[in-house]
Amino acid sequence: MRKILFLFLVSYTTMLFAQTPSPKGRAATKRELEIAKIDYELEAGVVTEFLRKCNTKIGSSLKSGESLHSLEYFSYSQKLGRWEKYRWFIADTGFSRKWLKQVKDLVAYMCKTQVYLDAEKFNKRTKTAQYKKAVEYFNVAYERFVKLLKKPVKVSSKLQRKAKLNKVVWQKAMRKKYKIKEKPNMADF
């Protein structure tokens, strides 16, 4: 009887502790968000790695015959859209904003086409000429996407230098406005 009571007590306590919510992290203050916004820097490697990852996922899904969900295409295009609107994109990466817009537009087009293809698959209308044409358009868009990724368009070094200088001036002005000390160097740690 004691063993059963002990086992019941142990299982009850583990179940009780498993259901307790985990402690929530501290929310960032407005000042911390402003500091993060001022110190944010987007690297060219991050952009190229993200686009390479997108390319491999889309390519592997096309080869396997299982299409990616349209939400993945949507999330890719949203992230590219945020980078396109990022004020210092040229200064940080050196890539052309026009090139990034073309890449984003292709991914958005693939998203819309995938929504249409999924709807047609659901309605079992995969034999129609319209469906086959949409598949062909999707493949052409993917080929253009790959072609754009092979040769990313960079801006001139003069334009990038000027953008970097403008960013530094803006950062100094914002640090002065919000009374923020200079950005700490990693060597100080």
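Visitor: Why is R52 called partly exposed?

Guide: This is a predicted model, in which local features need pLDDT of at least 70 and side-chain atom pairs count only at pLDDT 80 or more, while totals for chains, interfaces and linings use all residues. Residues are numbered from 1 along each chain as its sequence is written, and side-chain values use heavy atoms, with hydrogens and water left out. Buried means under 20% relative accessible area, exposed means over 50%, and partly exposed lies in between (1.4 Å probe, protein chains only). R52 has a relative accessible area of 47%, so R52 is partly exposed.

Visitor: What makes the contact of R52 and E49 a salt bridge?

Guide: A salt bridge is a side-chain nitrogen of Lys or Arg within 4 Å of a carboxyl oxygen of Asp or Glu. The side chains of R52 and E49 meet at 3.1 Å, N to O, so the pair is a salt bridge.

Visitor: How do you know that D92 and K167 form a salt bridge?

Guide: Their side chains meet at 2.7 Å, N to O, and the limit is 4 Å, so the pair is a salt bridge. D92 lies in helix α5 (residues 89–93) and K167 in helix α8 (residues 157–177), so the pair ties together parts that are 75 residues apart in sequence. Helices here are DSSP runs of H or I with at least four residues, numbered from the N terminus.

Visitor: Why is K167 called buried?

Guide: K167 has 5% relative accessibility, which is under 20%, so K167 counts as buried.

Key: Helices (H or I, at least four residues) and strands (E, at least two) are DSSP runs, numbered from the N terminus.
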